Amino acid sequence: MNTKINFAGIEMKNPVTVAAGTFSYGREFSEFFDLGKLGGVITKGTSLKPRSGSKPSRICETASGMLHSIGLQNPAIEYFAKYDLPNLRKFDTKIIVNACANSIEEYIELCKILDTLDIDGVELNLACTDTENRGLAFGNTYESARKVTSEVRKVLRKPLIAKLTPNVPDIASIAKGVEDGGADGVSLINTLLGMKIDIHTRKPALGNNTGGLSGPAIKPLAVRMVYQVSKAVNIPILGMGGIVSGDDAIEFMLAGATAISIGAGNFIDPYTSIKAIEGIEKYMERYDIENVSDIVGKVKIN
Amino acid sequence: MPKQVFAELIDKKEINKEIYKFGVKADEIVNIAKPGNFIEIRVSDGTDPFLRRPISIYNLDKENGILEFIFQVKGKGTKILSTKKIGEKIDIIGPLGFGTFNFDKYSNIAIIGGGIGIFPLYELSKEAIAQEKRVSAYLGFRNRELVMLEEEFSNVTSKLKICTDDGSYGEKGFAIDLLAKDIEQEKYECIYACGPTPMLRTVKKYADENNINCQVSLEEKMGCGLGVCLGCAVKTAKSSKEAPEYFHVCKGGPVFNSKDVDF
(Lines give C-alpha, C1' and ligand atoms only; values in the text may rest on other atoms or scores of the structure.)
Protein backbone atom coordinates (compact mmCIF):
# COMPACT_ATOMS: atom_id res chain seq x y z
CA MET A 1 0.00 0.00 0.00
CA ASN A 2 1.39 3.39 -0.99
CA THR A 3 0.00 6.48 0.76
CA LYS A 4 2.62 8.85 -0.66
CA ILE A 5 1.46 11.79 -2.67
CA ASN A 6 3.04 14.73 -4.41
CA PHE A 7 1.14 17.89 -3.73
CA ALA A 8 2.26 21.02 -5.57
CA GLY A 9 5.80 19.64 -5.74
CA ILE A 10 5.87 18.65 -2.08
CA GLU A 11 6.46 14.94 -1.49
CA MET A 12 4.34 13.83 1.46
CA LYS A 13 4.25 10.43 3.15
CA ASN A 14 0.46 10.62 3.22
CA PRO A 15 -2.23 13.09 2.12
CA VAL A 16 -3.09 14.25 5.65
CA THR A 17 -2.05 17.71 6.81
CA VAL A 18 -3.34 19.97 9.55
CA ALA A 19 -4.94 23.29 8.72
CA ALA A 20 -3.65 26.75 9.55
CA GLY A 21 -4.80 28.10 12.88
CA THR A 22 -5.88 24.74 14.25
CA PHE A 23 -2.45 23.37 15.11
CA SER A 24 -0.49 26.45 16.15
CA TYR A 25 3.18 25.60 15.39
CA GLY A 26 2.85 21.99 16.48
CA ARG A 27 4.28 22.16 19.99
CA GLU A 28 1.05 21.38 21.87
CA PHE A 29 0.14 18.44 19.65
CA SER A 30 3.65 17.00 19.75
CA GLU A 31 2.89 16.16 23.39
CA PHE A 32 0.25 13.73 22.11
CA PHE A 33 1.88 12.14 19.06
CA ASP A 34 4.90 12.17 16.75
CA LEU A 35 4.26 14.93 14.21
CA GLY A 36 6.38 12.90 11.80
CA LYS A 37 3.32 10.74 11.18
CA LEU A 38 1.64 13.60 9.35
CA GLY A 39 1.97 14.30 5.65
CA GLY A 40 2.47 17.93 6.52
CA VAL A 41 1.89 20.69 9.02
CA ILE A 42 0.44 23.99 7.89
CA THR A 43 1.37 26.60 10.45
CA LYS A 44 -0.75 29.20 12.11
CA GLY A 45 -1.30 32.23 9.84
CA THR A 46 1.92 34.18 10.17
CA SER A 47 2.51 37.82 9.30
CA LEU A 48 5.41 40.22 8.93
CA LYS A 49 4.67 41.99 12.22
CA PRO A 50 3.08 40.48 15.35
CA ARG A 51 -0.72 40.64 15.54
CA SER A 52 -2.60 40.81 18.80
CA GLY A 53 -5.81 39.38 17.41
CA SER A 54 -9.49 40.18 17.80
CA LYS A 55 -11.29 41.36 20.88
CA PRO A 56 -13.10 38.66 22.90
CA SER A 57 -15.33 36.75 22.68
CA ARG A 58 -13.49 35.01 19.91
CA ILE A 59 -15.23 31.68 19.77
CA CYS A 60 -18.62 30.05 20.02
CA GLU A 61 -20.06 26.65 19.27
CA THR A 62 -22.67 26.09 16.58
CA ALA A 63 -24.47 23.00 15.29
CA SER A 64 -21.69 20.56 14.30
CA GLY A 65 -19.19 23.35 14.15
CA MET A 66 -17.86 26.57 15.56
CA LEU A 67 -17.66 30.25 14.78
CA HIS A 68 -14.46 32.09 15.46
CA SER A 69 -12.87 35.44 15.11
CA ILE A 70 -9.31 35.01 16.31
CA GLY A 71 -7.94 37.78 14.14
CA LEU A 72 -4.75 36.01 13.07
CA GLN A 73 -3.05 36.55 16.40
CA ASN A 74 0.55 35.47 15.83
CA PRO A 75 4.08 36.32 16.96
CA ALA A 76 5.23 37.10 13.38
CA ILE A 77 7.76 35.61 11.03
CA GLU A 78 10.94 36.48 12.92
CA TYR A 79 9.77 34.74 16.08
CA PHE A 80 8.57 31.76 14.06
CA ALA A 81 11.92 31.39 12.30
CA LYS A 82 13.84 31.61 15.56
CA TYR A 83 11.74 29.56 17.98
CA ASP A 84 9.09 27.50 16.23
CA LEU A 85 10.69 26.40 12.99
CA PRO A 86 13.70 24.68 14.62
CA ASN A 87 11.32 22.77 16.87
CA LEU A 88 9.01 21.79 14.01
CA ARG A 89 11.99 20.69 11.91
CA LYS A 90 12.77 17.97 14.45
CA PHE A 91 9.85 16.02 13.02
CA ASP A 92 9.93 14.17 9.73
CA THR A 93 7.04 16.06 8.15
CA LYS A 94 6.59 18.78 5.54
CA ILE A 95 6.25 22.33 6.79
CA ILE A 96 4.01 24.76 4.97
CA VAL A 97 3.76 28.27 6.35
CA ASN A 98 0.43 30.05 6.09
CA ALA A 99 1.30 33.62 5.16
CA CYS A 100 -1.03 36.55 5.75
CA ALA A 101 -0.65 40.21 4.92
CA ASN A 102 -2.66 43.35 4.30
CA SER A 103 -1.10 44.49 1.04
CA ILE A 104 0.75 43.10 -1.95
CA GLU A 105 3.92 44.84 -0.74
CA GLU A 106 3.62 43.11 2.61
CA TYR A 107 3.04 39.74 0.93
CA ILE A 108 6.15 40.25 -1.16
CA GLU A 109 8.29 41.23 1.81
CA LEU A 110 7.00 38.29 3.85
CA CYS A 111 7.49 35.78 1.05
CA LYS A 112 11.03 37.01 0.39
CA ILE A 113 11.84 36.02 3.98
CA LEU A 114 9.91 32.74 3.71
CA ASP A 115 11.88 31.83 0.61
CA THR A 116 15.08 31.87 2.66
CA LEU A 117 13.74 29.63 5.44
CA ASP A 118 14.02 25.87 5.75
CA ILE A 119 10.37 25.24 4.92
CA ASP A 120 8.68 23.15 2.23
CA GLY A 121 6.05 25.52 0.96
CA VAL A 122 3.94 28.62 1.48
CA GLU A 123 0.19 28.83 1.74
CA LEU A 124 -1.01 32.29 0.83
CA ASN A 125 -4.00 33.32 2.92
CA LEU A 126 -5.96 35.30 0.35
CA ALA A 127 -8.97 36.22 2.46
CA CYS A 128 -9.35 35.25 6.04
CA THR A 129 -12.95 35.33 7.17
CA ASP A 130 -11.65 35.25 10.69
CA THR A 131 -10.32 38.83 10.66
CA GLU A 132 -12.12 42.13 10.88
CA ASN A 133 -11.16 43.33 7.42
CA ARG A 134 -11.52 39.83 5.94
CA GLY A 135 -7.88 39.94 4.81
CA LEU A 136 -8.74 42.81 2.51
CA ALA A 137 -10.18 40.09 0.38
CA PHE A 138 -7.49 39.46 -2.22
CA GLY A 139 -9.36 36.30 -2.96
CA ASN A 140 -12.61 37.98 -3.98
CA THR A 141 -12.04 38.43 -7.70
CA TYR A 142 -10.17 36.65 -10.45
CA GLU A 143 -7.98 39.67 -11.12
CA SER A 144 -6.97 40.48 -7.54
CA ALA A 145 -6.22 36.81 -6.87
CA ARG A 146 -4.14 36.52 -10.04
CA LYS A 147 -2.29 39.76 -9.32
CA VAL A 148 -1.20 38.99 -5.76
CA THR A 149 -0.22 35.43 -6.70
CA SER A 150 1.87 36.54 -9.65
CA GLU A 151 3.65 39.23 -7.60
CA VAL A 152 4.50 36.71 -4.89
CA ARG A 153 5.55 34.17 -7.51
CA LYS A 154 8.30 36.54 -8.62
CA VAL A 155 10.01 36.35 -5.23
CA LEU A 156 9.12 32.85 -4.08
CA ARG A 157 10.84 29.80 -5.51
CA LYS A 158 9.29 27.39 -3.04
CA PRO A 159 5.95 25.67 -3.75
CA LEU A 160 3.21 28.28 -3.65
CA ILE A 161 -0.30 27.35 -2.58
CA ALA A 162 -3.13 29.87 -2.55
CA LYS A 163 -5.85 29.42 0.05
CA LEU A 164 -9.25 30.41 -1.22
CA THR A 165 -12.24 31.89 0.54
CA PRO A 166 -15.63 30.30 -0.08
CA ASN A 167 -17.36 33.67 0.41
CA VAL A 168 -17.45 34.42 -3.31
CA PRO A 169 -20.02 33.77 -6.03
CA ASP A 170 -17.71 31.63 -8.18
CA ILE A 171 -14.76 30.02 -6.43
CA ALA A 172 -13.67 28.25 -9.62
CA SER A 173 -12.86 31.58 -11.26
CA ILE A 174 -10.72 32.62 -8.28
CA ALA A 175 -8.90 29.28 -8.51
CA LYS A 176 -8.28 30.03 -12.19
CA GLY A 177 -6.90 33.42 -11.13
CA VAL A 178 -4.28 31.93 -8.82
CA GLU A 179 -3.42 29.27 -11.38
CA ASP A 180 -2.86 31.96 -13.99
CA GLY A 181 -0.84 33.88 -11.39
CA GLY A 182 1.54 30.96 -11.09
CA ALA A 183 0.40 29.08 -7.98
CA ASP A 184 1.50 25.44 -7.69
CA GLY A 185 -1.65 24.44 -5.84
CA VAL A 186 -4.83 25.72 -4.24
CA SER A 187 -6.22 25.00 -0.81
CA LEU A 188 -9.89 25.31 -0.04
CA ILE A 189 -12.04 26.12 1.69
CA ASN A 190 -11.30 28.80 4.23
CA THR A 191 -14.14 29.46 6.68
CA LEU A 192 -17.60 30.70 5.80
CA LEU A 193 -18.73 34.04 7.14
CA GLY A 194 -21.28 33.40 9.87
CA MET A 195 -23.04 34.94 12.84
CA LYS A 196 -24.67 33.83 16.05
CA ILE A 197 -26.91 35.95 18.27
CA ASP A 198 -27.72 35.40 21.92
CA ILE A 199 -31.48 35.87 21.96
CA HIS A 200 -31.51 36.79 25.66
CA THR A 201 -28.93 39.56 25.55
CA ARG A 202 -29.65 40.24 21.83
CA LYS A 203 -25.91 40.56 21.33
CA PRO A 204 -23.79 38.65 18.79
CA ALA A 205 -21.85 35.82 20.37
CA LEU A 206 -18.58 37.06 18.86
CA GLY A 207 -16.86 40.28 19.85
CA ASN A 208 -16.37 41.04 16.16
CA ASN A 209 -20.08 40.30 15.56
CA THR A 210 -19.36 37.94 12.68
CA GLY A 211 -16.68 35.33 12.12
CA GLY A 212 -15.61 32.20 10.33
CA LEU A 213 -17.69 29.04 10.48
CA SER A 214 -15.84 25.75 10.45
CA GLY A 215 -16.44 22.14 11.36
CA PRO A 216 -18.53 19.32 9.87
CA ALA A 217 -21.41 21.77 9.29
CA ILE A 218 -19.58 23.17 6.24
CA LYS A 219 -18.37 19.89 4.77
CA PRO A 220 -20.92 19.35 1.96
CA LEU A 221 -20.28 22.87 0.71
CA ALA A 222 -16.52 22.32 0.83
CA VAL A 223 -16.78 19.03 -1.07
CA ARG A 224 -18.85 20.72 -3.75
CA MET A 225 -16.32 23.53 -4.11
CA VAL A 226 -13.39 21.12 -4.31
CA TYR A 227 -15.23 19.28 -7.05
CA GLN A 228 -15.96 22.49 -8.99
CA VAL A 229 -12.42 23.79 -8.67
CA SER A 230 -10.96 20.45 -9.74
CA LYS A 231 -12.90 20.75 -12.98
CA ALA A 232 -11.68 24.32 -13.55
CA VAL A 233 -7.92 24.13 -12.93
CA ASN A 234 -4.99 21.83 -13.55
CA ILE A 235 -3.10 22.53 -10.33
CA PRO A 236 -3.63 20.16 -7.38
CA ILE A 237 -6.04 20.84 -4.54
CA LEU A 238 -5.55 20.68 -0.80
CA GLY A 239 -9.11 20.05 0.41
CA MET A 240 -10.49 21.03 3.78
CA GLY A 241 -13.68 21.97 5.55
CA GLY A 242 -15.13 19.84 8.33
CA ILE A 243 -12.95 16.74 7.91
CA VAL A 244 -12.97 14.68 11.11
CA SER A 245 -12.30 11.16 9.83
CA GLY A 246 -10.62 9.04 7.19
CA ASP A 247 -13.98 8.63 5.44
CA ASP A 248 -14.32 12.42 5.21
CA ALA A 249 -10.80 12.63 3.81
CA ILE A 250 -11.60 10.03 1.15
CA GLU A 251 -14.70 11.98 0.15
CA PHE A 252 -12.60 15.11 -0.50
CA MET A 253 -10.07 13.09 -2.48
CA LEU A 254 -12.80 11.53 -4.62
CA ALA A 255 -14.09 15.06 -5.24
CA GLY A 256 -10.67 16.04 -6.54
CA ALA A 257 -8.36 16.85 -3.62
CA THR A 258 -4.82 15.49 -3.83
CA ALA A 259 -4.24 16.12 -0.14
CA ILE A 260 -6.45 17.20 2.74
CA SER A 261 -6.28 19.23 5.94
CA ILE A 262 -7.82 18.56 9.32
CA GLY A 263 -8.97 21.83 10.83
CA ALA A 264 -11.45 22.24 13.67
CA GLY A 265 -11.36 18.45 13.99
CA ASN A 266 -8.05 18.87 15.84
CA PHE A 267 -9.93 20.58 18.66
CA ILE A 268 -12.37 17.80 19.46
CA ASP A 269 -9.72 15.10 19.55
CA PRO A 270 -5.96 15.72 19.36
CA TYR A 271 -5.64 12.43 17.46
CA THR A 272 -8.13 13.27 14.69
CA SER A 273 -5.38 13.61 12.06
CA ILE A 274 -3.75 10.31 13.07
CA LYS A 275 -7.14 8.58 12.95
CA ALA A 276 -7.75 10.06 9.50
CA ILE A 277 -4.50 8.52 8.23
CA GLU A 278 -5.54 5.15 9.65
CA GLY A 279 -9.01 5.55 8.12
CA ILE A 280 -7.53 6.22 4.68
CA GLU A 281 -5.38 3.09 4.96
CA LYS A 282 -8.40 1.02 5.96
CA TYR A 283 -10.34 2.28 2.95
CA MET A 284 -7.43 1.44 0.65
CA GLU A 285 -7.28 -2.05 2.10
CA ARG A 286 -11.02 -2.58 1.77
CA TYR A 287 -11.12 -1.53 -1.89
CA ASP A 288 -7.70 -2.93 -2.73
CA ILE A 289 -6.23 0.41 -3.72
CA GLU A 290 -2.49 0.29 -4.32
CA ASN A 291 -1.74 4.02 -4.55
CA VAL A 292 -3.75 6.58 -2.64
CA SER A 293 -3.29 9.02 -5.52
CA ASP A 294 -5.39 6.66 -7.65
CA ILE A 295 -8.59 7.83 -5.98
CA VAL A 296 -8.06 11.55 -6.57
CA GLY A 297 -11.00 12.92 -8.56
CA LYS A 298 -12.50 9.46 -9.02
CA VAL A 299 -16.05 10.45 -8.10
CA LYS A 300 -18.46 8.74 -10.50
CA ILE A 301 -20.70 11.61 -11.51
CA ASN A 302 -24.33 10.75 -12.28
CA MET B 1 1.88 17.60 29.99
CA PRO B 2 -1.81 16.86 29.34
CA LYS B 3 -3.03 13.32 28.69
CA GLN B 4 -6.08 11.91 27.01
CA VAL B 5 -7.73 9.43 29.33
CA PHE B 6 -10.86 7.35 28.87
CA ALA B 7 -11.78 7.51 32.51
CA GLU B 8 -14.32 5.23 34.10
CA LEU B 9 -17.15 6.95 35.93
CA ILE B 10 -17.17 5.39 39.36
CA ASP B 11 -19.20 7.85 41.39
CA LYS B 12 -22.04 10.14 40.42
CA LYS B 13 -24.20 12.29 42.63
CA GLU B 14 -26.64 15.13 42.02
CA ILE B 15 -25.48 17.43 44.83
CA ASN B 16 -28.03 20.12 44.05
CA LYS B 17 -30.69 20.67 41.42
CA GLU B 18 -29.02 19.94 38.05
CA ILE B 19 -25.56 20.09 39.62
CA TYR B 20 -23.60 16.85 39.42
CA LYS B 21 -20.47 15.60 41.11
CA PHE B 22 -18.62 12.96 39.11
CA GLY B 23 -15.76 10.83 40.34
CA VAL B 24 -13.66 9.22 37.61
CA LYS B 25 -10.67 6.92 37.70
CA ALA B 26 -7.90 8.89 36.03
CA ASP B 27 -4.54 8.16 37.64
CA GLU B 28 -2.53 9.68 34.81
CA ILE B 29 -4.23 13.03 35.28
CA VAL B 30 -4.55 12.92 39.07
CA ASN B 31 -0.83 12.20 39.50
CA ILE B 32 0.27 15.41 37.83
CA ALA B 33 -2.67 17.79 38.37
CA LYS B 34 -2.42 20.87 40.57
CA PRO B 35 -5.04 22.97 42.32
CA GLY B 36 -6.52 25.29 39.70
CA ASN B 37 -6.05 22.94 36.73
CA PHE B 38 -9.03 22.05 34.60
CA ILE B 39 -10.01 19.25 32.24
CA GLU B 40 -11.71 19.12 28.85
CA ILE B 41 -14.43 16.55 28.30
CA ARG B 42 -15.80 15.25 25.03
CA VAL B 43 -19.40 14.50 25.91
CA SER B 44 -20.31 12.49 22.80
CA ASP B 45 -18.61 10.71 19.91
CA GLY B 46 -20.65 12.67 17.38
CA THR B 47 -20.06 16.19 16.13
CA ASP B 48 -23.01 17.92 17.77
CA PRO B 49 -22.24 19.18 20.34
CA PHE B 50 -18.91 19.78 18.67
CA LEU B 51 -16.41 21.12 21.15
CA ARG B 52 -15.11 19.71 24.41
CA ARG B 53 -16.42 21.14 27.67
CA PRO B 54 -13.87 22.78 29.96
CA ILE B 55 -14.60 21.88 33.58
CA SER B 56 -12.60 22.71 36.69
CA ILE B 57 -11.20 20.05 39.00
CA TYR B 58 -12.95 19.85 42.36
CA ASN B 59 -10.92 17.21 44.15
CA LEU B 60 -7.85 15.08 43.49
CA ASP B 61 -7.80 11.85 45.43
CA LYS B 62 -4.15 11.02 44.83
CA GLU B 63 -4.25 7.84 46.85
CA ASN B 64 -6.94 6.22 44.73
CA GLY B 65 -6.31 8.03 41.44
CA ILE B 66 -9.77 9.51 41.46
CA LEU B 67 -10.56 12.88 39.97
CA GLU B 68 -13.73 14.63 41.03
CA PHE B 69 -15.40 17.43 39.12
CA ILE B 70 -18.69 19.19 39.58
CA PHE B 71 -20.75 20.77 36.81
CA GLN B 72 -24.08 22.43 36.31
CA VAL B 73 -26.36 21.38 33.48
CA LYS B 74 -26.39 24.52 31.35
CA GLY B 75 -26.86 23.37 27.76
CA LYS B 76 -26.77 20.48 25.36
CA GLY B 77 -23.26 19.30 26.27
CA THR B 78 -23.60 19.27 30.04
CA LYS B 79 -27.04 17.67 29.66
CA ILE B 80 -25.49 14.74 27.78
CA LEU B 81 -22.68 14.54 30.32
CA SER B 82 -25.20 14.34 33.16
CA THR B 83 -26.73 11.20 31.65
CA LYS B 84 -23.48 9.18 31.79
CA LYS B 85 -23.84 6.03 33.83
CA ILE B 86 -21.56 4.46 36.40
CA GLY B 87 -19.04 2.26 34.58
CA GLU B 88 -19.11 4.36 31.39
CA LYS B 89 -15.83 5.70 30.05
CA ILE B 90 -15.50 9.46 29.70
CA ASP B 91 -13.07 11.02 27.20
CA ILE B 92 -11.05 13.51 29.24
CA ILE B 93 -7.98 15.59 28.43
CA GLY B 94 -6.06 17.01 31.34
CA PRO B 95 -4.63 18.43 33.43
CA LEU B 96 -4.86 21.72 31.53
CA GLY B 97 -3.71 25.25 32.30
CA PHE B 98 -0.25 26.43 33.28
CA GLY B 99 -1.65 29.15 35.53
CA THR B 100 -2.59 27.35 38.72
CA PHE B 101 -3.21 28.47 42.31
CA ASN B 102 0.13 29.35 43.81
CA PHE B 103 0.27 29.42 47.60
CA ASP B 104 3.68 28.07 48.61
CA LYS B 105 5.01 31.31 50.03
CA TYR B 106 1.92 32.22 52.07
CA SER B 107 0.77 30.97 55.44
CA ASN B 108 -2.52 32.81 55.89
CA ILE B 109 -4.83 32.92 52.89
CA ALA B 110 -8.47 33.59 52.07
CA ILE B 111 -10.57 31.90 49.44
CA ILE B 112 -13.64 33.57 48.08
CA GLY B 113 -16.13 31.86 45.84
CA GLY B 114 -19.51 32.58 44.33
CA GLY B 115 -22.10 29.99 43.28
CA ILE B 116 -20.74 27.29 41.02
CA GLY B 117 -17.38 29.10 41.09
CA ILE B 118 -16.58 27.56 44.46
CA PHE B 119 -15.64 24.16 43.00
CA PRO B 120 -11.97 24.72 42.02
CA LEU B 121 -11.31 26.31 45.41
CA TYR B 122 -11.84 23.02 47.22
CA GLU B 123 -8.67 21.31 46.04
CA LEU B 124 -6.70 24.50 46.70
CA SER B 125 -8.04 24.72 50.23
CA LYS B 126 -7.47 21.05 50.90
CA GLU B 127 -3.86 21.25 49.70
CA ALA B 128 -3.14 24.44 51.63
CA ILE B 129 -4.54 22.97 54.86
CA ALA B 130 -2.48 19.82 54.27
CA GLN B 131 0.57 22.09 54.13
CA GLU B 132 -0.50 23.60 57.44
CA LYS B 133 -1.59 26.97 56.13
CA ARG B 134 -4.45 28.93 57.61
CA VAL B 135 -7.34 29.07 55.13
CA SER B 136 -10.42 31.24 55.62
CA ALA B 137 -13.25 30.67 53.21
CA TYR B 138 -16.00 33.08 52.16
CA LEU B 139 -18.61 31.45 49.99
CA GLY B 140 -21.54 33.36 48.56
CA PHE B 141 -24.72 32.05 46.97
CA ARG B 142 -27.87 33.68 45.60
CA ASN B 143 -30.17 32.02 48.10
CA ARG B 144 -30.61 29.13 50.53
CA GLU B 145 -31.50 26.60 47.82
CA LEU B 146 -28.20 27.20 46.04
CA VAL B 147 -25.93 26.73 49.05
CA MET B 148 -23.65 23.74 48.44
CA LEU B 149 -20.75 21.80 49.93
CA GLU B 150 -20.82 23.55 53.29
CA GLU B 151 -19.71 20.45 55.17
CA GLU B 152 -17.06 19.56 52.61
CA PHE B 153 -15.52 23.04 52.75
CA SER B 154 -15.71 23.15 56.54
CA ASN B 155 -13.50 20.05 56.58
CA VAL B 156 -10.75 21.72 54.56
CA THR B 157 -10.74 25.26 55.96
CA SER B 158 -9.72 26.95 59.19
CA LYS B 159 -12.76 29.22 59.07
CA LEU B 160 -15.81 29.14 56.85
CA LYS B 161 -18.35 31.90 56.32
CA ILE B 162 -21.39 31.47 54.11
CA CYS B 163 -23.58 34.27 52.85
CA THR B 164 -26.56 34.64 50.54
CA ASP B 165 -27.66 37.61 48.47
CA ASP B 166 -31.12 37.54 50.06
CA GLY B 167 -30.08 36.51 53.56
CA SER B 168 -32.06 33.27 53.41
CA TYR B 169 -29.03 31.37 54.69
CA GLY B 170 -25.89 32.46 56.54
CA GLU B 171 -25.16 36.16 56.54
CA LYS B 172 -26.91 38.52 54.15
CA GLY B 173 -24.75 40.18 51.55
CA PHE B 174 -21.72 39.51 49.39
CA ALA B 175 -18.75 37.35 50.27
CA ILE B 176 -16.30 40.18 49.58
CA ASP B 177 -17.99 42.33 52.26
CA LEU B 178 -17.56 39.55 54.82
CA LEU B 179 -13.93 39.22 53.86
CA ALA B 180 -13.38 42.98 54.08
CA LYS B 181 -14.75 43.00 57.63
CA ASP B 182 -12.15 40.40 58.70
CA ILE B 183 -9.15 41.82 56.92
CA GLU B 184 -7.98 44.09 59.77
CA GLN B 185 -7.45 41.26 62.19
CA GLU B 186 -6.68 38.49 59.69
CA LYS B 187 -4.13 40.24 57.47
CA TYR B 188 -4.52 37.74 54.64
CA GLU B 189 -1.44 37.45 52.47
CA CYS B 190 -3.39 36.40 49.40
CA ILE B 191 -6.98 36.10 48.25
CA TYR B 192 -8.02 33.34 45.82
CA ALA B 193 -11.22 33.94 43.94
CA CYS B 194 -13.50 32.12 41.55
CA GLY B 195 -17.06 32.92 40.61
CA PRO B 196 -19.21 35.00 38.28
CA THR B 197 -17.33 37.75 36.43
CA PRO B 198 -19.07 40.67 38.24
CA MET B 199 -18.05 39.11 41.55
CA LEU B 200 -14.47 38.61 40.35
CA ARG B 201 -14.31 42.23 39.23
CA THR B 202 -15.36 43.35 42.71
CA VAL B 203 -12.77 41.10 44.35
CA LYS B 204 -10.04 42.28 41.98
CA LYS B 205 -10.93 45.92 42.64
CA TYR B 206 -10.87 45.37 46.38
CA ALA B 207 -7.57 43.47 46.33
CA ASP B 208 -5.87 45.85 43.90
CA GLU B 209 -6.98 48.94 45.84
CA ASN B 210 -5.90 47.50 49.17
CA ASN B 211 -2.70 46.14 47.70
CA ILE B 212 -3.42 42.53 48.65
CA ASN B 213 -2.15 39.71 46.47
CA CYS B 214 -5.02 38.13 44.63
CA GLN B 215 -5.33 35.22 42.24
CA VAL B 216 -8.46 34.83 40.14
CA SER B 217 -9.61 31.77 38.23
CA LEU B 218 -11.21 32.96 34.99
CA GLU B 219 -13.66 31.43 32.58
CA GLU B 220 -13.95 32.03 28.83
CA LYS B 221 -15.43 30.13 25.91
CA MET B 222 -12.79 27.70 24.68
CA GLY B 223 -12.07 26.01 21.37
CA CYS B 224 -9.27 23.56 22.08
CA GLY B 225 -8.22 24.03 25.72
CA LEU B 226 -4.62 23.38 24.65
CA GLY B 227 -3.42 26.86 23.76
CA VAL B 228 -3.70 26.24 20.04
CA CYS B 229 -6.76 28.07 18.76
CA LEU B 230 -6.22 31.24 20.82
CA GLY B 231 -9.98 31.58 21.27
CA CYS B 232 -10.19 32.12 25.03
CA ALA B 233 -8.55 35.54 25.07
CA VAL B 234 -8.52 37.84 28.09
CA LYS B 235 -7.01 41.31 28.03
CA THR B 236 -3.75 41.83 29.89
CA ALA B 237 -3.53 44.70 32.35
CA LYS B 238 -1.13 46.47 29.98
CA SER B 239 -3.53 46.17 27.07
CA SER B 240 -4.80 49.40 25.55
CA LYS B 241 -7.05 50.32 22.70
CA GLU B 242 -4.05 51.29 20.58
CA ALA B 243 -1.97 48.26 21.56
CA PRO B 244 -4.25 45.41 22.58
CA GLU B 245 -2.59 42.47 24.27
CA TYR B 246 -4.09 39.19 25.40
CA PHE B 247 -3.49 36.16 27.56
CA HIS B 248 -5.34 32.93 26.94
CA VAL B 249 -7.35 31.45 29.77
CA CYS B 250 -6.59 27.85 28.79
CA LYS B 251 -2.82 28.21 28.73
CA GLY B 252 -1.75 31.31 30.67
CA GLY B 253 -4.56 30.61 33.12
CA PRO B 254 -7.11 29.72 34.17
CA VAL B 255 -5.61 31.28 37.31
CA PHE B 256 -4.04 34.73 36.96
CA ASN B 257 -2.68 37.30 39.35
CA SER B 258 -5.45 39.87 39.52
CA LYS B 259 -3.01 42.69 38.72
CA ASP B 260 -2.04 41.07 35.41
CA VAL B 261 -5.48 40.85 33.79
CA ASP B 262 -8.28 43.19 32.78
CA PHE B 263 -11.59 41.40 32.46
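Which residue is the bridge partner of I59(A) in β6(A)? In this predicted model, in which local features need pLDDT of at least 70, side-chain atom pairs count only at pLDDT 80 or more, and totals for chains, interfaces and linings use all residues, the partner of I59(A) in that strand is H68(A). Residues are numbered from 1 along each chain as its sequence is written, and chains are lettered from A and ligands numbered from 1 in the order in which they are written.

Chain A contains 9 helices and 16 strands, where helices (H or I, at least four residues) and strands (E, at least two) are DSSP runs numbered from the N terminus. Its radius of gyration is 18 Å, close to the 19 Å that the globule rule gives for 302 residues, so chain A is as compact as a globular protein of that length; the radius is taken over C-alpha atoms, and the rule is 2.2 Å times the number of residues to the power 0.38. Along the principal axes, the C-alpha atoms of chain A fill a box of roughly 55 × 50 × 40 Å.

The bridge between I59(A) and H68(A) belongs to the pairing of β5(A) with strand β6 (residues 65–68) of chain A, which is antiparallel and extends over 4 bridges; two strands are taken to pair if DSSP finds at least two bridges between them. These strands are part of an open sheet of 4 strands in chain A, ordered β5-β6-β14-β11 with antiparallel pairing. At its edges stand β5 (59–62) and β11 (192–195) of chain A, each of which pairs on one side only, and the twist from one strand to the next averages 40°.

Among the helices of chain A, α3 (residues 104–116) and α4 (residues 142–155) have axes that come within 9 Å and cross at roughly 30°, the axes being lines fitted to C-alpha atoms, for helices over the stretch in contact, with angles from 0 to 180 degrees between N-to-C directions. The crossing of α3(A) and α4(A) is right-handed, a term applied where the near helix is turned clockwise from the far one by less than a right angle. From α3(A), residues I104(A), Y107(A), I108(A), C111(A), K112(A) and D115(A) meet V148(A), E151(A), V152(A) and V155(A) of α4(A), contact being defined by C-beta atoms, placed from the backbone, that lie within 7 Å. By class, this helix contact has 7 nonpolar, no polar and 3 charged residues; Ala, Val, Leu, Ile, Met, Phe, Trp, Tyr, Cys and Pro count as nonpolar, Asp, Glu, Lys and Arg as charged, and the others, Gly among them, as polar.

Chain B is divided into domain 1 (3–96) and domain 2 (108–262), with bounds that come from an automatic or database domain assignment. The C-alpha centres of the two domains of chain B lie 21 Å apart, and their contact takes 19 residues from domain 1 and 16 residues from domain 2. On the domain 1 side, the elements that give two or more residues include β1 (3–16), β6 (66–72) and β7 (89–96) of chain B, and the residues of that side divide into 12 nonpolar, 5 polar and 2 charged. Between the chains, the contact takes 26 residues from chain B and 29 residues from chain A, and the side of chain B has 15 nonpolar, 5 polar and 6 charged residues.

An open sheet of 7 strands in chain B has the order β11-β10-β9-β8-β12-β13-β16, with mixed pairing. Its edges are formed by β11 (171–172) and β16 of chain B, each with a single partner strand, so one side of each is left without a neighbour in the sheet.

Conventions
Two residues are in contact if their C-beta atoms, placed from the backbone, lie within 7 Å.
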